[in-house]
Amino acid sequence: MKVDGHDWLVKERPGTAGCYDFDWISGPNPGYGFSLQTSNGISITEADMRRSIASFPAEINPETGYLD
């Protein structure tokens, strides 16, 4: 998935309904990203995924490439 010029690999975690792993393919650190899980196990929409992805890079320290 491409969001705001960044490439992401989104995978629903096997065996855990409503849990998703977001790997930041084009980010500054290989293998870096985040996970989301709904409290009720219901799938999230692509629009919700895109909103979550779009907010993540703004939280990254530009010097380290990681969350502060």
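Exposed means over 50% relative accessible area. The views below show a predicted model.

**View 1. D4 sits in the loop between β1 and β2.** The strands on either side are β1 (2–3) and β2 (6–12). D4 has a relative accessible area of 63%, so D4 counts as exposed. Its phi is near 50°. That is a positive value in a residue other than glycine.

**View 2. W8 and F34 form an edge-to-face pair.** The model has 8 aromatic pairs. In the pair of W8 and F34, the ring centres are 5.7 Å apart and the planes stand at 75°. Planes over 60 degrees apart count as edge-to-face, so this pair qualifies. W8 belongs to strand β2, and F34 to strand β4 (residues 33–37). The pair therefore ties together parts that are 26 residues apart in sequence. Both W8 and F34 are buried.

**View 3. Seven names make up one aromatic cluster: W8, F22, W24, Y32, F34, F56 and Y66.**

**View 4. The largest nonpolar core has 12 residues.** Its members are V3, W8, Y20, F22, W24, Y32, F34, I44, M49, I53, F56 and I60. The largest share, 3 residues, comes from β3.

**View 5. I53 is one of the core residues.** Leaving aside residues up to four places away in sequence, I53 touches M1, V3, W8, V10, F22 and F34. Core members among these contacts include W8 and F34.

Notes. Residues are numbered from 1 along each chain as its sequence is written. This is a predicted model: local features need pLDDT of at least 70, side-chain atom pairs count only at pLDDT 80 or more; totals for chains, interfaces and linings use all residues. Side-chain values use heavy atoms; hydrogens and water are left out. Helices (H or I, at least four residues) and strands (E, at least two) are DSSP runs, numbered from the N terminus. Buried means under 20% relative accessible area, exposed over 50%, partly exposed in between (1.4 Å probe, protein chains only). Rings of Phe, Tyr and Trp (its six-membered ring) pair if their centres lie within 6.5 Å; planes under 30 degrees apart count as stacked, over 60 as edge-to-face and the rest as tilted. A nonpolar core is a set of buried Ala, Val, Leu, Ile, Met, Phe, Trp, Tyr and Cys residues joined through side-chain atoms within 4.5 Å. Contact means heavy atoms within 4.5 Å.
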